[in-house]
Amino acid sequence: MTKEYSLGGGYFAQKKILKAIDGVDLSINRGDTIGIVGESGAGKTTLGRLILRLIRPTAGSIEYDGKDIVRLAGRELEEFRKKAQIVFQSPFLSLNPSIKIFDALAEPMRYHKIVNSKESAKSRVKDLLNLVGLDDGFLERYPHELSGGQMQRIAIARALSVEAEFLVFDEPTSSLDVSAQGQILNLIRTLKNKLNLTYLFVSHNLAIVSNVCSKVGVMYAGKMVELASTDQFFTDPKHPYSQILLNSILTPQIYGKGVRELPKGEPPSLVHPPDGCRFHPRCPQVMPICSQREPKLANLDSTRKAACFLYPEVMVASN
Amino acid sequence: MLLSVKGLTACYETPAGLVRAVEDVNFDLDKDDSLAIVGESGSGKTTLALSITRILKPPGRIMNGQVLFEGRDILTMPENELRQIRGGRVGMIFQQPQAYLNPVLKSGFQIAEVLEIHRGYDRQRAMQEAVRLLKEVGIASPEETVNRYPFELSGGMAQRVIIAMALACSPLLIIADEPTSALDVTVQAQILETIRRLREQRHTSLILITHDLSLAAAACGKIMVMYAGKLVEAGDRESIFKNPKHPYTQLLIASIPKIRSSEEFPGIAGSPPNLANPPTGCRFHPRCPHVMDICKNVEPPTISTDAGQRVACHLYK
């Protein structure tokens, strides 16, 4: 998959191309919870939106249950929209402030004709509220009467209202306080098991990903650089960027330890990304080949992929 | 004693009534100390930071208290003296570096201006000093960076420019309000390391405002926890983390997500109160797992423990 954005291109400015996602391959199995981690600008959010076809890729294909969703239209697209839903980062922005909670939850069901009467809508909405741990008292409230955590519960309920089976969470707790964060994460985990859902979980918080996800995909500057099971990733990360990312995590225990190995530099411009491996200007283990050729994401073993020339499998695959 | 805050109360006038965002907060800061003020959104930590240098704007208002900086009260000081403290003896760093830089002025000029105003340097000398400061805060090509406009800088570089501005006049105290929340994790680690190194070299005191306990632990020796405008607990980093006394502190520490634990995320039931109409007694009592009858009616006094911690909770006498 590739997603390019055109920048500028007016009468005088030269048109620039920004590759937010550059040739990413990813497959998700039913029941997976895949965490996508990386810094801002890595392409995490763009990836989530492409998969849901909220935006269209510049090149590449996205198949859902064997159907290419890039080409879907009409009825088939509506069917896909019911199955695949998203929960955004900020419930303050994703809920319409002038619409009551009841209508916020009933509207998608009316649109998709899941409910056909006011009574059935009401009973479905009540079920949804219970599902996300809220009571009927919220039906007639407006979003501003809710706390951040409660609003995010509503956003999750709304995504589930159309009986979705695949959910994209885009930083679902980063606009919440720590006290609300834990409750939302518990809810996300419980719902997955209860409803047998599949998740793509975008987050920059590795500690959260380690607790919620079964697999981890690491993105850097529009590329997928490592894909591994959560256990593998947190015990033995292969890509130097993954190692640095894990090293950057702050924990309260950190003051006892000496000076950590710190990352150099900052993420690159996506309009003029570095040649070869995009991480090479910051990489502590950089080799001559890294600035000349681009490493491909290759299998290191049956469950893990990485894109780094330190590994012979990558060398072979990139030839 | 470098800074001594006594009985500080600050409020906002809103249509819903007077909101006491900071109420009766007391703390001291010695030279070379580093203090983290930790709390959730709405706990009053930013209002506290703004009150210390008296830059709280209406509808915010400081109602009561003293902020003694080197023995002189900032809250009653005439404007011209205050100006020497802000940006001179106290440097400030804010959350969104790009928002605090003037977009139409080159970054070097913005640093130099501080030196011209506070130190009376001429332009040429101030610019030389700006280059030196940028180098000190870890910018690789300071000669080029001084000629760049803020939009040409990355978030991390812009924050370094802000830090250079804050350091320009060798302040005795730096107040940093969420200095790394807008930055990526790898850049956050770099900025923290820069602040740590600079503090070691210059013996500058630090007040760090943050919602992130891990960041507080990484950067500061002392920690003060605020809830709904009140100080609930304060003490050394080690004692706060090893032996937190206040139930809110305990829950806050337990809420930090740990790497790979299969346990439930603890979280804290309920949500922070509306400060226009705060709960009676202890403000945390509606959410507290150890709530007693006394908590609902009587506000807990702040007491000192044998280990030197201060805590405001009826569980302790």
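Predicted model: local features only at pLDDT ≥ 70, side-chain atom pairs only at ≥ 80, totals over all residues.
How many residue pairs are in polar contact between domain 1 of chain B and domain 2 of chain B, counting pairs with both at pLDDT 80 or more? The count is 3 residue pairs.

## Two domains in chain B

Chain B splits into domain 1, covering 3–101 + 171–270, and domain 2, covering 104–152. Their C-alpha centres are 27 Å apart. Domain 1 of chain B brings 12 residues to the contact, and domain 2 of chain B brings 9 residues.

Between them, domain 1 of chain B and domain 2 of chain B bury about 680 Å². Carbon and sulfur atoms give 48% of that area. The rule finds 1 salt bridge across this interface.

Which elements give two or more residues to the side of domain 1 of chain B that touches domain 2 of chain B? They are α2 (79–85) and α8 of chain B. The largest share, 5 residues, comes from α8(B). By class, this side of domain 1 of chain B has 2 nonpolar, 6 polar and 4 charged residues.

## Where chain B meets chain A

Chain B puts 41 residues into its contact with chain A, and chain A puts in 40 residues. The two chains bury about 3,300 Å² between them. Of this, 58% is on carbon and sulfur atoms.

Which residues of chain B lose the most area to chain A? They are B:Thr186, B:Arg260 and B:Phe265. Together they account for 23% of what the chain B side buries.

Four elements of chain B are listed as giving two or more residues to the side that touches chain A: α7 (155–167), α8 (185–202), α9 (213–219) and α10 (237–242). The most comes from α8(B), with 9 residues. This side of chain B divides into 16 nonpolar, 14 polar and 11 charged residues.

## Salt bridges within the chains

Over all chains, the whole structure holds 35 salt bridges. Three of them are set out here.

| Salt bridge | N to O distance |
|---|---|
| A:Asp170 and A:Arg49 | 3.8 Å |
| B:Arg123 and B:Glu116 | 2.6 Å |
| B:Glu136 and B:Arg202 | 2.9 Å |

Take the chain A pair. Are its two partners buried or exposed? A:Asp170 is buried, at 6% relative accessible area. A:Arg49 is partly exposed, at 29% relative accessibility.

B:Glu136 and B:Arg202 also link distant parts of their chain. B:Glu136 belongs to helix α5 (residues 123–136) of chain B, and B:Arg202 belongs to helix α8 of chain B. They are 66 residues apart. B:Glu136 counts as buried at 16% relative accessibility, because the cut-off for buried is under 20%. B:Arg202, at 22%, counts as partly exposed.

In the pair of B:Arg123 and B:Glu116, both residues are partly exposed. The relative accessibility of B:Arg123 is 42%. For B:Glu116 the relative accessible area is 22%.

Chain A also has a network of salt bridges. It links A:Lys19, A:Asp22, A:Lys223, A:Arg278 and A:Glu294.

## Helix α2 of chain A

Which residues of helix α2 (residues 74–83) of chain A are buried? They are A:Leu77, A:Phe80 and A:Lys82. The buried residues of α2(A) pack against three elements of chain A: α1, β4 (63–64) and β6 (84–87).

Terms used:
Residues numbered from 1 in each chain as written. Chains lettered and ligands numbered in written order. Heavy atoms only, no water. Contact = heavy atoms within 4.5 Å. Buried area = accessible area lost by both parts, 1.4 Å probe. Nonpolar A, V, L, I, M, F, W, Y, C, P; charged D, E, K, R; others polar. Salt bridge = Lys/Arg side-chain N within 4 Å of Asp/Glu carboxyl O. Buried < 20%, exposed > 50% of the residue type's maximum accessible area, 1.4 Å probe, protein only. Domains from an automatic or database assignment. Polar contact = N/O pair within 3.5 Å; in protein donor to acceptor, adjacent residues only side chain to side chain.
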